[in-house]
Amino acid sequence: MPSTSPTSRCSCDSTMPSATSSAWARSTTPAGRGEGPAMSNLWRGHLEGMPHDPPHDPGGQVVVLSAHPDDEVLAVGGWLAGQTDRDVVFVTATDGEASHPGSPSITPDELRARRPGELVEALRRLGFVAPDVRRLGLPDGGLERHRDDLRGLVEPLLREASLVLAPFAHDGHPDHEALGRAVLDAVPASAVVWQMPIWTWAWTEPDEQPWRPSLRRLECTSPGRHRKRRAMAAFETQVKPLSDHPADLAVVDEALARHAAYAPEAVIV
Ligand SMILES: [Zn+2]
């Protein structure tokens with residue numbers, strides 16, 4: 001694993017793969033990151049030992065924002081499976097078209113066409129019969145560069161929200177962080193914000209995080225967890241290798257997939 005901090009190389013050029021890209025994971029690893037499986041196991045043990053102290057949920061409309069189609073399911077899919085009778089709006093800032101740079105099997109245009117459909121199918125598997133998904137269409141890998149556009153697009157979507165979920169503003173991926181910051185800037189004072197760690201679990205350890213006291217474990221039933229695993233499988237371009245070519249490796253690597261599937265879900269409040 002390289003030692004470059006992702007934020008330090010966050011030039012967000014157009015070739016930057018999406019957050020769930022194994023190419024990104026291989027090329028932009030924060031200093032001190034260990035191998036994925038061990039890191040994920042550390043967090044899983046910590047999360048399993050946390051008291052059940054769920055975060056404040058005000059009820060009302062929920063707006064869930066992700067940088068790429070799959071961030072929300074990986075982060076809080078099990079909890080979402082228990083919210084299907086609520087007014088939930090899903091917002092994806094990009095279509096995730098940069099997840100396979102250099103792939104001989106799939107082009108950015110094909111990814112742009114396929115990944116939003118994978119998200120809708122995943123949300124259906126969670127139990128949302130007709131999920132309300134808003135696509136902002138900003139470039140995958142370029143959210144920081146488009147931060148003014150991002151804020152302008154996000155702000156009106158938050159006006160009716162009571163509860164807002166967005167990527168952790170220090171998640172370690174430039175798109176996640178840009179969206180997380182934009183949401184913190186734009187959210188109305190009346191709304192409650194839960195920040196979703198996504199990549200955080202893969203490059204940090206529980207003992208060194210000053211924000212750890214702000215973590216709250218989410219309620220997730222066993223059927224909800226089962227639905228989440230089925231939903232994750234809907235991201236066909238991300239969870240399986242597209243071929244034997246190095247650029248076609250599974251984007252959601254084994255450690256991240258195992259953590260998302262089996263570790264308790266938690267947010268930062
Ligand atoms: Zn992402």
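How many bridges join S4 to strand S5 (residues 192-196)? There are five bridges between S4 and S5, and the two strands run parallel. Strands pair, by the rule used here, if DSSP finds at least two bridges between them. Before we go on, please note that this is a predicted model: local features need pLDDT of at least 70, side-chain atom pairs count only at pLDDT 80 or more, and totals for chains, interfaces and linings use all residues. Residues are numbered from 1 along each chain as its sequence is written.

Let us step back to the whole chain. The protein chain has ten helices and seven strands; helices (H or I, at least four residues) and strands (E, at least two) are DSSP runs, numbered from the N terminus. Of its 269 residues, 46% count as buried. A residue is buried if 20 or more other C-beta atoms lie within 10 Å of its own, exposed if 12 or fewer, and partly exposed in between, with C-beta atoms placed from the backbone. Among contacts in the protein chain with a separation of 6 or more, 83% are between residues 24 or more positions apart. A contact here means that two C-beta atoms, placed from the backbone, lie within 7 Å.

Now back to strand S4 (residues 163-167). Five of its five residues are buried, so S4 is largely enclosed by the rest of the structure. Strand S1 (residues 62-66) is joined to S4 by three bridges, and these two run parallel. You can find Val-64 opposite Leu-165 in S4, while Ala-166 stands opposite Gln-195 in S5. Together, S4, helix H6 (residues 174-186) and S5 form a right-handed β-α-β unit. Right-handed means that, with the strands pointing away from the viewer, the path from the first strand over the helix to the second runs clockwise.

The largest nonpolar core has 62 residues, of which Leu-65, Ala-93, Val-164, Leu-179, Val-183 and Met-196 touch the most other members. Its largest share, six residues, comes from H3. Such a core is a set of buried Ala, Val, Leu, Ile, Met, Phe, Trp, Tyr and Cys residues joined through C-beta atoms within 7 Å. Leaving out residues up to four places away in sequence, Val-183 touches Leu-65, Val-154, Val-164, Ala-166 and Val-193.

Helix H8 (residues 222-233) has twelve residues and reaches 17 Å from its first C-alpha to its last, close to the 16 Å expected at 1.5 Å a residue; the expected span is 1.5 Å times one less than the number of residues. Gly-224, Arg-227, Lys-228, Ala-231 and Met-232 are buried in H8. They lie on the same side of H8 because they cover an arc of only 140 degrees around the axis, taken from the directions from the helix axis to the C-beta atoms. The face turned away from this buried side carries the exposed residues Ser-222 and Pro-223. What covers the buried residues of H8 includes helix H4 (108-126) and helix H10 (254-262). Among the buried residues of H4 are Arg-115, Glu-118 and Arg-125, and H8 is included in what covers the buried residues of H4.

Finally, look at the loop between S1 and H3, where Asp-70 is found. Phi of Asp-70 is near 145 degrees, a positive value in a residue other than glycine. Asp-70 is buried, with 31 other C-beta atoms within 10 Å.
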